[in-house]
Amino acid sequence: MRPVAPLPPVDLSPPPACGICGGAQPPPIGRKEFSRSGNDHFAGERQFADTGIHIPYHRCRDCGVVFTAALDDWSPLDFARHIYNDDYTFSDPPFDSERPARNAAIVAGIWHYEQDSRSVLDYGGGNGRLAAELRMRGFDAASHDAFYDPQPLPDRRFGLVCSFEVIEHVPHRDQAGWVAGFAAMMAPAAVGLLGTELVTEPVDIEHWYFSPRNGHITVHTADSLQRLLAPHRLEAVTIANGLHLVRRTG
Ligand SMILES: [Zn+2]
């Protein structure tokens, strides 16, 4: 197992409110050792050594979102050093190439006949692999990622804005701002694609998706997604497990 460097301070006190909908005093669902990763589940063994720090997750009574506020005081640099660091790939091996290649195939398959006309932004696109794959297939595709490729956002809007396995990494207090940024990149007739697993019932803290070492800190329900999107006159339609089409409501 890989060692984990000492962590910045973690706030174990219960959050006063849900950052998505404002629901008061969301009750706890349990705690998870910080070093638990999603790949522990898939590899069948722990990837990182214990830190002794157990991250509390809470569930909003109103919108159902499951989140932790324990890292609310972390700066972007703290996240970069302790989650999105050189060992991140051991928590999520498909991150580097397998998942971007798979998602590029999804986009290229759905918009096969529009590849010459549909511009694509991969919002939170990691190393840019998905956009590169789409460019090789003839799409006008760009990537932006605050952690892995901190360039300014492109100064234009896109016909398709996609974001795979990103929103669950955004702190609950920053979710509204993140969605506003996503919506702002959509051209008037654009659609969006959001890839994220929704909370499964009954909620169980042992579910692999609640994985602090991966940075999975906000896991949505269909309702919490709608509440975030509604102010932008957008809605999400779940089209496959963990895949949601975002479309305009008016
Ligand atoms: Zn809520």
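What follows is a chat about the helices and strands of a predicted model.

Trainee: Which residues of α4 are buried?

Mentor: Pro 100, Asn 103, Ala 104 and Val 107 are the buried residues of α4. Looking down the axis of α4, you find them within an arc of 105 degrees, so they line one face of the helix.

Trainee: Why would residues spaced like that point the same way?

Mentor: An α-helix has 3.6 residues a turn, so residues three or four places apart point the same way.

Trainee: Nice. And which exposed residues sit on the face of α4 turned away from its buried side?

Mentor: That face carries the exposed residues Glu 98 and Gly 109.

Trainee: Let's follow α5, then. What do the buried residues of α5 pack against?

Mentor: They pack against α4, β4 and β5. The buried residues themselves are Arg 129, Leu 130, Ala 131, Glu 133 and Leu 134. Just after α5, have a look at Gly 138, which takes a positive phi of about 100 degrees.

Trainee: In which sense do β4 and β5 pair?

Mentor: Parallel, over five bridges. Tyr 123 stands opposite His 144 in β5. Together, β4, α5 and β5 make a right-handed β-α-β unit.

Trainee: Is β5 mostly covered or mostly open?

Mentor: Mostly covered: β5 spans residues 140-144, and four of its five residues are buried.

Trainee: Which strands does β6 pair with?

Mentor: Two to point out here. With β4, strand β6 pairs in the parallel sense over three bridges, and Val 120 stands opposite Leu 160 in β6. With β7, the pairing is also parallel, over six bridges, and Phe 158 stands opposite Met 186 in β7.

Trainee: What kind of unit do β6, α6 and β7 make?

Mentor: A right-handed β-α-β unit.

Trainee: Changing topic: what is the strand order in the open sheet with the antiparallel pairing?

Mentor: Its four strands run in the order β1-β2-β3-β8. At the edges stand β1 (28-33) and β8 (218-219), each with a single partner strand, so one side of each is left without a neighbour in the sheet.

Trainee: Over how many bridges do β3 and β8 pair?

Mentor: Two, in the antiparallel sense, with β3 being residues 66-67. The bridge partner of Val 66 is Val 219 in β8.

Trainee: Last one: α7. Which of its residues are buried, and what do they pack against?

Mentor: Helix α7 is residues 222-229, and its buried residues are Ser 224, Leu 225, Arg 227, Leu 228 and Leu 229. They pack against α6 (175-184), β9 (234-240) and β10 (243-248).

Methods. Residues are numbered from 1 along each chain as its sequence is written. This is a predicted model: local features need pLDDT of at least 70, side-chain atom pairs count only at pLDDT 80 or more; totals for chains, interfaces and linings use all residues. A residue is buried if 20 or more other C-beta atoms lie within 10 Å of its own, exposed if 12 or fewer, and partly exposed in between; C-beta atoms are placed from the backbone. The arc is that of the directions from the helix axis to the C-beta atoms. Two residues are in contact if their C-beta atoms, placed from the backbone, lie within 7 Å. Two strands pair if DSSP finds at least two bridges between them. A crossover is right-handed if, with the strands pointing away from the viewer, the path from the first strand over the helix to the second runs clockwise.
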